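Could you walk me through this structure, from its charged pairs to its sheet, its chain contact and its enclosed spaces?

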Amino acid sequence: MRVSLNELQTTARKAGLGTGIPVGAADEIGHAVLWLAGNGEDAVGAALAGLHDGLQVAPAPALKRHGAGWRLASVAVAIGGPGVVDWVFSTQPGEPVALSEVDAPTLLIGLIGQALARSDAGRAVTVFGAGMSVTVAADGLSASLGVLTPGIGLTLRLERAGRGGLVAPPDGVEVDRDAWRELAVLAARTLVPADAASRARGAGAGDIDNE
Amino acid sequence: MTGALAGTGADKALRPPATVMRLARMGAFFPTRLSFLRTLIRRLHDESVIVRRPVWRIDDRGYGTAVYSLDLGGQTYSLVAVSSELAPEARSDRVIAEAWDTSYALFDGVPDEEDIARLAATVPRQEAARYTARELVLSRANRSVRLFDHVVDALSRGVQPDRGLIAATGYLMRTTAVYGNGKFGIADRSRIAGRPGLGGPFQAEMLTVWLIRGFTLDLVEHVARVRGGARAVPLAPACRRFLGIGNSTGLGMAPFLVNHPMLLNNWMTARETALARVCAVERPRAAEIDGFLTGLDRARAHVRDWIVDDDRQMARIDVLGIELDAVARWLDAAWLARPFPWARLMAEAEQLSLEGQETLVALILEPYGHLIDDLADTMASDGGPRLDATVTVGALALDLEAAFAWVRPIDFTHPLECQRFWYVSEEKSEPRLGERHLEAGAEREMPLDIARRVQALDRDLATADPQERLAGFLMRHPEHRFAASRVQTAARHPYAEIRDNLIGGGCVPVDMLRCKLSFFGAGRFDPKSDRWTRIVLFQGAPGLDEVATADPDGWAFPTLAAYSAGTGGEEDSPKQGPEDGTCGSP
């Protein structure tokens with residue numbers, strides 16, 4: 001089925017909220033999904049991989065110095081991904097940030113891509129590990145991602161310069177109907193059950209308008 | 001009000017956010033010439049747009065399908081209108097309604113028969129159906145039953161409708177939702193953002209509503225002709241002008257201002273910049289003085305006709321009427337001919353109510369299109385940059401101090417300060433406002449509690465090392481990312497944030513609605529509660545058959561006096577209109 005870009009972004013964002021992640025991270029996930037869709041990747045699948053039950057909002061363990069770069073043991077991308085992206089942007093170009101275990105690697109790459117696109121600083125990030133290597137720039141990927149196995153280790157490296165500008169967004173995207181339904185179920189967790197009182201009072205209007 | 005010289009400051013300083021970004025003032029805004037529908041009308045006029053009506057398949061009861069098409073900015077757009085039978089007990093303006101008198105789609109291009117058939121089947125279902133990227137806007141409207149039936153009856157008998165009824169209502173139909181930007185599968189805004197004429201905020205939506213207005217006028221005349229035959233007459237031109245499109249606006253519009261801080265900033269900045277430019281005028285021309293004084297008289301007449309049921313608003317209107325009459329007694333051309341009259345007038349206006357002040361803002365902008373209309377091109381936004389976490393904790397703390405110091409005195413432990421929560425109901429996703437201490441659901445509240453979140457961020461920043469990178473702080477406090485982003489945005493864009501506690505018992509949600517509606521160009525603000533209002537769009541605006549030739553401006557603060565057709569007599573009623581595919585002479 002086809003969904004608009006706005007539906008994709010808002011549903012992913014709400015799905016993040018419905019899963020209990022903080023709104024700041026949910027906002028980033030909405031942007032990440034949009035960026036992935038614009039680059040022909042499975043955006044809904046990427047979101048679902050990151051938004052699983054059991055996510056706990058907690059302070060991330062500190063990145064530790066590791067040789068010429070940094071290391072972090074594991075990342076729950078939906079919660080910690082934006083912080084990892086922040087950290088990579090704060091490093092010197094070429095300084096590696098090694099992540100031992102990434103639960104949703106495609107979503108992480110989407111977070112990187114949207115952050116580059118929205119930061120307008122002409123940077124790029126190379127992501128490599130588990131036999132893959134791809135450069136992420138504001139307007140796209142150096143190669144298609146394929147299927148990235150949850151739990152792989154990845155290393156991120158800020159590059160000095162990247163391609164600028166944004167690709168022209170498509171007129172909506174085709175999504176798998178079942179996956180979309182699954183995302184929508186998560187998003188529906190943000191809705192409050194209605195009762196007669198909330199119906200009568202909550203919106204401030206009557207039920208019949210025949211004047 | 002003394003009329004004494006109040007200073008001749010000619011600086012171009014904008015009014016500070018601490019003054020402007022308060023809900024009480026925002027809730028007193030009036031439409032200005034920078035409002036979105038005003039920008040649209042000027043564009044339609046400048047391009048000499050002609051509206052065609054290639055399809056009119058409305059039966060004798062007034063049900064069926066119609067298509068209106070026009071060319072704008074080198075593209076063709078069409079309104080597909082569907083009129084359906086609706087039982088009175090099903091007529092509701094709420095989001096939870098499931099059927100409507102009329103439903104619409106703005107189509108990208110000219111729909112063929114297959115498109116028309118598809119839309120005739122889906123558009124009446126509104127949110128329950130899915131749409132394509134050829135549909136740019138989705139909307140629906142219900143009749144003002146009392147007025148619609150009265151107008152049909154009058155015209156069918158060969159007379160014009162009652163002036164009092166026309167004045168009291170102001171529209172034949174009111175929209176209850178106007179959806180754009182990808183809702184239910186329609187086109188994303190990105191499809192049209194780069195197109196001449198539709199790139200500005202809500203231009204596609206305004207175009208849709210303007211065309212809907214034309215349809216409602218054609219529909220009422222059609223039904224009258226069927227009923228009255230040769231005896232029936234069309235609406236008098238002045239009556240057609242005075243009838244706008246109503247709108248029922250509820251809480252759904254309120255979160256928009258909070259969820260789009262960059263957009264809000266750009267709207268406000270344009271408005272305040274316009275005000276500053278006009279205040280910097282040292283010697284206005286005679287025509288500008290005349291234009292202002294004429295506008296003041298129109299505003300006074302408009303306010304006299306502005307009657308609402310809401311006690312709070314009616315009290316404000318009463319005060320406004322008194323204030324404008326008082327201003328009119330001492331303000332004259334001689335006073336305005338002295339240097340920097342608009343700056344002096346705004347200084348004098350500080351003694352007025354907020355409604356009075358903001359009325360004068362709208363009036364003094366009106367004669368200065370040549371100075372300010374270009375600001376309409378600055379009101380769009382692509383959403384703004386991502387949070388910059390490479391800065392230090394100390395830098396963010398300075399931003400917070402500059403933009404959000406106002407949150408510090410709020411005591412969120414007091415029940416009154418967190419009395420409410422904004423949420424979306426399972427019931428057709430209707431936005432609602434709940435009482436936190438009385439109702440369930442607060443754990444799912446929408447993140448509109450900006451002040452509370454920033455205050456919590458402030459507390460944790462105070463105990464962090466100022467030299468620490470913000471990235472590190474946010475890894476330890478992922479819950480503060482949203483607030484940190486809001487702080488950075490507000491520090492660089494001073495009109496991005498409403499400076500009030502939106503979850504407090506003192507928050508009046510309808511103030512948020514009125515602010516946004518003023519930017520749309522809505523008039524006749526008529527609140528039905530503290531979270532629901534009726535308004536009228538395009539009242540007084542040129543219609544479909546005259547926009548190319550009529551004055552695109554000069555219809556602000558429409559008045560009953562502009563409806564001059566009277567209530568009877570053939571001499572008051574124009575001849576029958578055309579039955580062909582045009583909407584009258586270009």
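B:Arg316 and B:Glu355 form a salt bridge, with their closest N and O atoms 3.1 Å apart; the term stands for a side-chain nitrogen of Lys or Arg within 4 Å of a carboxyl oxygen of Asp or Glu. This pair links distant parts of the chain, 39 residues apart: B:Arg316 sits in helix 12 (residues 311-330) of chain B and B:Glu355 in helix 15 (residues 354-365) of chain B. Helices (H or I, at least four residues) and strands (E, at least two) are DSSP runs, numbered from the N terminus. Over all chains, the count of salt bridges comes to 63. Side chains of opposite charge can pair when their charged atoms come close.

A word on the ground rules: this is a predicted model, in which local features need pLDDT of at least 70 and side-chain atom pairs count only at pLDDT 80 or more, while totals for chains, interfaces and linings use all residues. Residues are numbered from 1 along each chain as its sequence is written, chains are lettered from A and ligands numbered from 1 in the order in which they are written, and side-chain values use heavy atoms, with hydrogens and water left out.

Where do the two chains meet? The contact (heavy atoms within 4.5 Å) takes 58 residues from chain A and 60 residues from chain B. Between them about 4,700 Å² is buried, with carbon and sulfur atoms giving 49%; this area is the accessible area (1.4 Å probe) that two parts lose on being put together, summed over both. Six salt bridges cross the interface of chain A and chain B. A:Glu28 also forms a salt bridge with B:Arg481, their closest N and O atoms being 3.9 Å apart.

Now turn to chain A, where seven strands make an open sheet of mixed pairing in the order 2-3-4-8-5-6-7. Strand 2 (64-66) and strand 7 (140-141) of chain A stand at the edges with a single partner strand each, so one side of each has no neighbour in the sheet. Two strands count as paired if DSSP finds at least two bridges between them. Strand 3 (residues 69-75) of chain A runs parallel to strand 4 of chain A, joined by five bridges, and A:Ser74 has A:Glu101 as its bridge partner in strand 4. Strand 4 (residues 96-102) in turn pairs with strand 8 (residues 152-159) of chain A in the antiparallel sense, over five bridges; here A:Val97 is partnered by A:Leu156. Strand 5 (residues 124-129) of chain A is also antiparallel to strand 8, again over five bridges, and A:Val125 finds its partner in A:Leu158.

On a 1 Å grid over the protein atoms alone, a cavity is a set of points where a 1.4 Å probe fits but cannot get out, and lining residues have an atom within 4 Å of a point. There are six cavities of 30 Å³ or more. The largest has a volume of about 330 Å³, and its 25 lining residues include B:Pro31, B:Gly521, B:Ala522, B:Gly523 and B:Arg524, which lie nearest its centre. Helix 3 (36-46), helix 21 (509-520), strand 10 (523-529) and strand 11 (532-537) of chain B each supply at least two residues of that lining. The second largest cavity has a volume of about 80 Å³ and is lined by 14 residues. Helix 7 of chain B gives the largest share of this second lining, three residues.

Notes:
On a 1 Å grid over the protein atoms alone, a cavity is a set of points where a 1.4 Å probe fits but cannot get out, and a pocket is an open set with protein on both sides within 12 Å along at least five of seven lines; lining residues have an atom within 4 Å of a point. Grid points are joined across faces, edges and corners, and a volume is the space filled by probe spheres set on the points.
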